[in-house]
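Let's take a walk through a protein fold together. Have a look at the chain first, and then we'll go through it piece by piece.

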Amino acid sequence: MTNQATQPENPHVGTAKVVSDGGSHVAKQGSVYRSGVSAQSVGSTMLWLGMISLPAGRRTSAHRHEGHETALLMTAGLEIEIWSGAKLERCETVRSGDYLFIPAGVPHVAVNRSPENAEFLGARNDPAANESVVLMPELDDIVP
């Protein structure tokens with residue numbers, strides 16, 4: 001019988017952990033997330049790392065991430081538009097091989113007008129698989 005009092009609360013403390021498939025889900029803003037490293041998969045307390053997809057011809061809803069920064073590397077696809085700013089007034093094109101940084105609290109919309117799915121390697125300083133997203137429907141009609 002194992003003495004539970006001597007076991008660490010997080011079974012991954014002090015060891016490395018390989019995650020082969022962290023599962024996927026559609027985030028409430030509309031992109032598809034495949035978690036690798038998260039609080040749920042390995043007990044991470046400060047980091048989320050995974051893959052994010054934006055299907056061909058799709059866009060996210062206007063949203064912001066409260067309290068965490070996001071870093072992305074576009075790994076596949078032609079290009080997407082990233083609209084950002086208080087009134088989504090800035091539009092930049094992100095292409096395969098480009099890095100993208102989204103500061104905490106910045107409203108944004110990602111648009112994939114191409115015929116190919118866009119794929120990203122993403123990291124953020126919120127370890128939850130379901131991140132803290134605030135939808136901003138009042139901005140959705142700004143982006144054509």
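## A word you'll need first

Before we start, here's how to read the burial labels: a residue is buried if its relative accessible area is under 20%, exposed if that value is over 50%, and partly exposed in between. Arg34 has a relative accessible area of 32%, so Arg34 is partly exposed. Keep in mind that what you're looking at is a predicted model.

## The big picture

What is the chain built from? The protein has 1 helix and 11 strands. Starting at the N terminus, the elements go β-β-α-β-β-β-β-β-β-β-β-β. The C-alpha atoms fill a box of roughly 60 × 30 × 20 Å along the principal axes.

Of the 144 residues, 38% are buried. Now take the contacts with a separation of 6 or more: residues 24 or more positions apart account for 72% of them.

## The sheet

In general, strands of a sheet pair through backbone hydrogen bonds, and they can do so parallel or antiparallel. Here, 6 strands make an open sheet with antiparallel pairing, in the order S1-S2-S3-S10-S5-S8. At the edges you'll find strand S1 (24–26) and strand S8 (99–102), each pairing on one side only. Neighbouring strands in this sheet are turned by 25° against each other on average, if you ignore direction.

Let's zoom in on one pairing. Strand S2 (residues 32–37) and strand S3 (residues 48–54) run antiparallel and are joined by 5 bridges. If you want a spot to look at, find Val37, which stands opposite Leu49 in S3.

How many aromatic pairs does the structure hold? There is 1. Tyr33 and Trp48 have ring centres 5.5 Å apart and planes at 55°, so this pair is described as tilted. Tyr33 sits in strand S2 and Trp48 in strand S3, so the pair ties together parts that are 15 residues apart in sequence.

Are these two residues buried or exposed? Both Tyr33 and Trp48 are buried.

## Salt bridges across the chain

The structure holds 7 salt bridges. In one of them, the side chains of Arg34 and Glu119 meet, with an N to O distance of 3.4 Å. This pair links distant parts of the chain, with Arg34 in strand S2 and Glu119 in strand S10 (residues 118–124), 85 residues apart. Glu119 has a relative accessible area of 17%, so Glu119 is buried.

Another salt bridge brings together the side chains of Arg59 and Asp140, at 3.9 Å from N to O. These two are 81 residues apart: Arg59 is in the loop between S3 and strand S4 (63–65), while Asp140 is in the segment after strand S11 (133–135). Arg59 counts as partly exposed because its relative accessibility is 26%, and Asp140 counts as partly exposed at 21%. Then there's Glu81, which forms a salt bridge with Arg113, with the closest N and O atoms 2.8 Å apart. Glu81 belongs to strand S6 (residues 79–84), and Arg113 lies 32 residues away in the loop between strand S9 (108–111) and S10. Arg113 is partly exposed, with a relative accessible area of 47%.

## Around Glu79

Strand S6 is also the place of Glu79, which counts as partly exposed at 35% relative accessibility. What does Glu79 touch, leaving aside its neighbours within four places in sequence? Glu79 is in contact with Met74, Thr93, Val94, Arg95, Asn112 and Ser114. Glu79 and Glu119 are 40 residues apart in sequence, and their C-alpha atoms are 9.9 Å apart in space.

Most residues other than glycine have a negative phi. Leu88 has a positive one, near 55°. You'll find Leu88 in the loop between S6 and strand S7 (90–95). Is Leu88 buried or exposed? The relative accessibility of Leu88 is 1%, so Leu88 counts as buried.

Definitions and conventions: Residues numbered from 1 in each chain as written. Predicted model: local features only at pLDDT ≥ 70, side-chain atom pairs only at ≥ 80, totals over all residues. Heavy atoms only, no water. Pairing = 2+ DSSP bridges. Helix = DSSP H or I, 4+ residues; strand = E, 2+ residues; numbered from the N terminus. Axes fitted to C-alpha atoms, helices over the stretch in contact; angles between N-to-C directions. Phe/Tyr/Trp six-rings, centres within 6.5 Å; stacked < 30°, edge-to-face > 60°. Buried < 20%, exposed > 50% of the residue type's maximum accessible area, 1.4 Å probe, protein only. Salt bridge = Lys/Arg side-chain N within 4 Å of Asp/Glu carboxyl O. Contact = heavy atoms within 4.5 Å.
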